Amino acid sequence: MLLLIGGKRGLKKPLLKVLRCPKCQRSLFISENNANLNEIHETTLACEKGHIWKVEDGIPSLVFPSVSSKDAKWIAQYEEMAESYDDLVKQYDDWLGIDMMKERERIVRFVPIEAPVKILDVSIGTAATFIALYNAFQGKQMERFNLHGLDLSLGMLKVAKQKIEKRSLDISLVHGNVFNIPYKNNSFNIVYHSGGINTFSDIGLALNEMLRVVRSGGIVVVVDEGLSPDMRESEKGKEIIRTNSLFAARPPIAYLPEKVKDVEMNYIMNGTFYEVVFRK
Ligand SMILES: C[S@@+](CC[C@H](N)C(=O)[O-])C[C@H]1O[C@@H](n2cnc3c(N)ncnc32)[C@H](O)[C@@H]1O
Ligand SMILES: [Zn+2]
């Protein structure tokens, strides 16, 4: 039974079972005297080593170590564009001849039939992919989903939270860095990432972390801008790269951890994005 204060989502205690202290990897506990509430909005979390982490507006902040200057530069941009991010992405629709919200529904391909499924969206941004998942299921079956979103930009998380609350969705949000995901090993059936990896300062470490938190037999899906070979050679492709150099990126195959299984690579969205899928 959910306890909602004015429709606002707080931190729910079961989340603590899957989180870990980003400094020492130990379990986290609520350190203040509000442990009897079902949903907590403002508090602090602590591990048994005494490392303390803030929860503000229901979002635990578990960022450690400090962010590198290259990543910080990107995060500053996301903080600035958070409110207009969805409108900016919408511009891809006409330009690339796609319907991005429909394309995001591809995540359904990785969802098993009927079984409960636990998904982490790494770099959830404004929660657009989980909203597409909800749209694809027309709001049905949502009780079998256990959804989590991690992002390093508090501005993006704030927008995600507003959208989640407006739709009464149940998604746990965490402020954290992909290079030290504050979740325990083997926590998820699906780890999904879209839109950030091309600019990450350490792509190999990010993929290793995604692999660490997915369960054995689970799937990691990574999607980002990157033209297919045909598209790269075409006039349209050249124009796309001139306008936005991120589209010149190549799929991060060389950075895949050694032990991954069943690697698949597809070009999607009219050959403008790559999708790399692998299994643990
Ligand atoms: C282009 S947006 C994509 C958002 C969303 N996944 C989508 O498909 O719309 C990239 C996201 O990556 C996040 N990000 C960038 N660096 C990160 C890092 N080191 N750890 C976690 N998230 C990061 C940004 O804050 C931003 O929300
Ligand atoms: Zn600790």
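This is a predicted model: local features need pLDDT of at least 70, side-chain atom pairs count only at pLDDT 80 or more; totals for chains, interfaces and linings use all residues.
In strand β6, I59 is the bridge partner of E56. That bridge belongs to the antiparallel pairing of β5 (residues 52-56) with β6, which runs over two bridges; two strands count as paired if DSSP finds at least two bridges between them. Residues are numbered from 1 along each chain as its sequence is written, while chains are lettered from A and ligands numbered from 1 in the order in which they are written.

Now step back to the sheet around that bridge. Four strands make an open, antiparallel sheet in the order β2-β4-β5-β6. At its edges stand β2 (29-30) and β6 (59-60), each with a single partner strand, so one side of each has no neighbour in the sheet.

Follow the chain out of β6 and you come to the loop between β6 and α2, where P65 lies. The peptide bond from F64 to P65 is cis, with omega near -5°.

How is the chain divided? Domain 1 covers 1-57 and domain 2 covers 63-279, with the bounds coming from an automatic or database domain assignment. The centres of the two domains, taken over C-alpha atoms, are 25 Å apart. Their contact takes ten residues from domain 1 and twelve residues from domain 2, where residues are in contact if their C-beta atoms, placed from the backbone, lie within 7 Å. On the side of domain 1 that touches domain 2, there are four nonpolar residues, one polar and five charged. Here Ala, Val, Leu, Ile, Met, Phe, Trp, Tyr, Cys and Pro count as nonpolar, Asp, Glu, Lys and Arg as charged, and the others, Gly among them, as polar.

With β10 (residues 188-194), β7 (residues 117-122) pairs in the parallel sense over four bridges. I119 has I190 of β10 as its bridge partner, and V122 stands opposite H193 in β10. β7 also pairs with β8 (residues 145-151), again in the parallel sense, over six bridges; there, K118 has N146 as its bridge partner.

β7, α5 and β8 together make a right-handed β-α-β unit, meaning that, with the strands pointing away from the viewer, the path from the first strand over the helix to the second runs clockwise. In the loop between β7 and α5 sits A127, a residue other than glycine with a positive phi, near 70°.

Which residues come nearest to ligand 1? Of the 20 around it, they are S123, G125, S153, G195 and G196; a residue is near a molecule or strand if its C-beta atom, placed from the backbone, lies within 6 Å of it. α2 (69-81) and α5 (128-136) each supply at least two residues of this shell, and α2 gives the most, with four. By type, the shell divides into ten nonpolar, eight polar and two charged residues.

Key
Two residues are in contact if their C-beta atoms, placed from the backbone, lie within 7 Å.
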